[in-house]
Amino acid sequence: MRILLTNDDGIEAEGLECLERIARTLSDDVWVCAPQTEQSGKGRGITLTEPLRVNRLGEKRFAVTGTPTDCVVLAVNDLMPDKPDLVLSGVNRGHNVGEDCSYSGTVAGALQGMAFGIRSIALSQSLERFHDEVTAHWETAEAYAPAIISRLLERSWASGVVMNLNFPARPPEAVTEVEVTRQGFRDIGEMHAVKRTDLRGRDYYWMSFRGTKHDHPVGTDLRAMDEGKISVTPLHIDLTHPASVHDLKSVLGGVPPKGLAG
C-alpha cells in the first residue's frame with residue numbers, strides 16, 4: 001500500500017512525525033508532501049496568484065510553499081510515480097470537530113485526496129488547552145490510529161466520503177471508547193476578533209475563540225471530545241440541504257417567475 005501524508009501544521013510539525021510513525025505500521029511505502037510553513041485555517045484554499053515552490057527533502061519527502069490542497073494536488077499529479085492508495089492528513093495539533101471541519105486545512109488535505117478517488121483520512125489530536133506550552137498526547141493518536149485505520153480500510157466507503165478521526169486530550173490508558181459520531185456545531189459567537197494596537201498606534205485584529213463550555217448533543221464529535229472518547233466521523237463535501245430542496249420545489253421550478261411575490 002502506497003500512502004501519502006500531508007498536514008496543515010507544516011513539514012516540521014510534531015504531529016507529522018507522529019503520522020509518519022503511524023503510517024509505517026501500515027506500509028513501508030510512505031510519501032510526505034506537506035506545507036513549508038503552517039497553513040492552519042486555510043480550508044480548501046489553493047494557490048492561484050503566485051507560483052508554488054517545491055523543496056525536495058528526501059527521496060519521498062517534499063515541502064511545498066502552499067496549502068494542504070496544493071500539496072496533495074502536486075504530490076498526486078507531479079511528484080509521485082503512481083497515485084497513492086491512501087491519503088492521511090495530520091496529525092493536527094488540536095481537534096477538528098464541529099464547524100472546524102469547514103475551514104480545517106487538515107480536513108481539506110483529506111478532501112482533496114477524496115477528489116482524486118483516493119480513500120482519505122484526517123487525524124487530529126485534541127489539546128487540554130491551545131497554548132504553545134501545552135504538549136499534545138501524540139502517544140494517544142499513535143496508540144490507536146493504526147488499528148482504527150486498518151478496520152476502516154477493511155470496509156468499503158460511500159463515494160465522496162472522508163473519515164475524520166479525533167483523539168481526546170488524554171493519555172492512551174485513559175481512553176476507553178471509540179464512537180462513530182456526526183458533525184456537531186458550536187455557538188457561532190465563540191469566534192471573534194480581538195482588537196489590538198501596534199507600536200505605531202494603528203489598530204489591528206487577531207482572530208480568536210472564546211472556548212465557552214457547552215453541553216454538546218449526544219452523538220456529536222464535540223460531545224465525544226468532552227467525554228474523552230475517540231471520534232470517527234464520516235464527512236462528505238456535498239453541502240446540499242435535501243429538505244430545503246424539497247420545500248423550494250413547491251415555489252420554484254419550471255418557467256422563471258417575473259412578478260414580485262406577495
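A polar contact is a pair of N or O atoms within 3.5 Å, where, within protein, one atom must be able to donate a hydrogen and the other to accept it, and where residues adjacent in sequence count only if both atoms are side-chain atoms. The structure is a predicted model, in which local features need pLDDT of at least 70 and side-chain atom pairs count only at pLDDT 80 or more, while totals for chains, interfaces and linings use all residues. Residues are numbered from 1 along each chain as its sequence is written, and side-chain values use heavy atoms, leaving out hydrogens and water.

The loop between strand 5 and helix 3 (100-103) holds N96, helices being DSSP runs of H or I with at least four residues. N96 is buried, with a relative accessible area of 7%, because buried means under 20% relative accessible area (1.4 Å probe, protein chains only). Neighbours within four places in sequence aside, the residues in contact with N96 (heavy atoms within 4.5 Å) include C101, T106, V107, S124, N164 and N166. S104 is also in contact with N96, and a polar contact of 3.2 Å joins the side chains of N96 and S104.

Methods
Helix = DSSP H or I, 4+ residues; strand = E, 2+ residues; numbered from the N terminus. Buried < 20%, exposed > 50% of the residue type's maximum accessible area, 1.4 Å probe, protein only.
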